[in-house]
Amino acid sequence: MKADPILNKAVNLAKKHYYEEALKLLKDEEDNYYGSFKFYYLYAVISLYSGSFAEAHEYFNLARKIKIKNINTMLGQAVLYLRRLNTGQAVEYYLNVQEMGPKNKIAKKALAIIRKYSVSEALSDWISFERLKKLFPAIPSAGIEAKKIANIALVSCAAFIIVYGILAIANVLPNPFRAKSQRPVTEFILTSQERNNPVQIDGFYRYVLTRDEAINLYDNALNLFMSYRDEAAKININRILESNASEGLKNRARLILDNMDVPGFDTFNRRDNPSITEVKNEPIIFRDVHIIWRGMATNVEITDEYTRFDFLVGYDTRRILEGIVPVVFYSPVAINIERPLEILGRIKINPSNFEITLEGVAIFQSGRLDN
């Protein structure tokens, strides 16, 4: 953890088992850490060690909305599910942890315990705070002082530049001053045949493109993809897939789709965020495009397998309702229907009537959204 006086003080208090004092310190400063993964994770893990499981659950959820694939956050959520005897959800989280970190000792130990006490009654008898504590993720270490960081950084930076320069000259490492693409582009380049025959004549299509239009759409999609603007690229690709573009061009477009990343709140490019009005006007080109919309939830239904609700888009201000969209998350999600929320979701289109639904990826809900 970097040198942050508030967070480091909370860490030091927690390391001395002064959990309530640490949580009070963090709670008093929460508004100053809006959207901070480190703050949410620290609050969650200290709550876990203090036995405040409801708060731990809430803040682990907030942390995971920002970093979906953080191992420690998933370990925290998994042990909370285990405590509630929801072994199915706990196993899923532990298996995900093992996939990302095959040598993770906590996940390995937890899965062994679940196998040993596979009957709910046996697991219930096994569970105690002290036993569960051995499955808790670690409280992060306090950062070192800023002056020490600066000194270490200067020495490390100088050493790195010298070593990297020698290796770059020797062609052992790439030269950082050479132009390069961060994503491999070779497999997406059209062949001469695909570029010379980009459209087909026969058939019925939603969009009829000229040769130049088809090529330009593909080139634009590829440029956006290489710039990590996946959602904008996806709109161009959807138009290609619904058009008279050749199968060769469509297959290249599908290949780009297969290599796109699922965004998180921290990686989503909000300049490519369509409004619900844009989606309603031409829904088919927004199929599987990710959005972040703000609003309120109503008619919430939560089970161990899913969470469903109607999303009142734009109603976070309680003045304008832009539309109502059904949302489903394929996991239980805590939602306060009295407070606004932001949803990161994937647009799904019903092919028979073109109605819009959202497949949830993440939720962010905070009192700050009330403002």
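These legends accompany close-up views of a predicted model.

**View 1. Helices α13 and α14 pack against each other.** Let's start with a pair of helices: α13 covers residues 230–241 and α14 covers residues 247–258. Their axes come within 10 Å and cross at roughly 150°. Angles over 145 degrees count as roughly antiparallel, so α13 and α14 are described as roughly antiparallel to each other. The crossing of α13 past α14 is left-handed.

**View 2. Asp 272 pairs with Arg 229 in a salt bridge.** The closest N and O atoms of this pair are 2.5 Å apart. Asp 272 sits in the loop between α14 and α15 (276–281), while Arg 229 sits in the loop between α12 (211–226) and α13, so the bridge links distant parts of the chain, 43 residues apart. Have a look at the setting of Asp 272 too: this residue is buried, with a relative accessible area of 9%.

**View 3. Glu 282 reaches Arg 239 of helix α13.** Here the closest N and O atoms of the salt bridge are 3.2 Å apart. Glu 282 belongs to the loop between α15 and β1 (290–302) and Arg 239 to helix α13, so the pair ties together parts that are 43 residues apart in sequence. Both partners are partly exposed: Glu 282 has 27% relative accessibility, and Arg 239 has 22%.

**View 4. Arg 206, Glu 242 and Arg 287 form a network of salt bridges.** Glu 242 comes from the loop between α13 and α14, and Arg 287 from the loop between α15 and β1, 45 residues apart. Glu 242 is buried at 19% relative accessible area, whereas Arg 287 is partly exposed at 22%. The count for the model comes to 14 salt bridges.

**View 5. Val 300, Ile 302 and Ile 337 make a nonpolar surface patch.** The patch has an area of about 230 Å². You will find Ile 337 in the loop between β3 (323–329) and β4 (341–349). Ile 337 is partly exposed, with a relative accessible area of 44%.

**View 6. Asn 12 of helix α1 and Pro 140 are brought together from separate parts of the sequence.** Helix α1 spans residues 5–15 and includes Asn 12, which is partly exposed at 38% relative accessibility. The C-alpha atoms of Asn 12 and Pro 140 are separated by 9.8 Å, although the two residues are 128 residues apart along the chain.

Note on methods: Residues are numbered from 1 along each chain as its sequence is written. This is a predicted model: local features need pLDDT of at least 70, side-chain atom pairs count only at pLDDT 80 or more; totals for chains, interfaces and linings use all residues. Side-chain values use heavy atoms; hydrogens and water are left out. Patches are made of residues with over 30% relative accessible area and no salt bridge: like charges are joined within 9 Å, nonpolar side chains (Val, Leu, Ile, Met, Phe, Trp, Tyr) within 5 Å. Accessible areas come from the Shrake-Rupley method with a 1.4 Å probe; for residues, only the protein chains shown count as cover. A salt bridge is a side-chain nitrogen of Lys or Arg within 4 Å of a carboxyl oxygen of Asp or Glu. Helices (H or I, at least four residues) and strands (E, at least two) are DSSP runs, numbered from the N terminus. Buried means under 20% relative accessible area, exposed over 50%, partly exposed in between (1.4 Å probe, protein chains only). Axes are lines fitted to C-alpha atoms, for helices over the stretch in contact, and angles run from 0 to 180 degrees between N-to-C directions. Angles under 35 degrees count as roughly parallel, over 145 as roughly antiparallel, 65 to 115 as roughly perpendicular and the rest as oblique. A crossing is left-handed if the near helix is turned anticlockwise from the far one by less than a right angle, and right-handed if clockwise.
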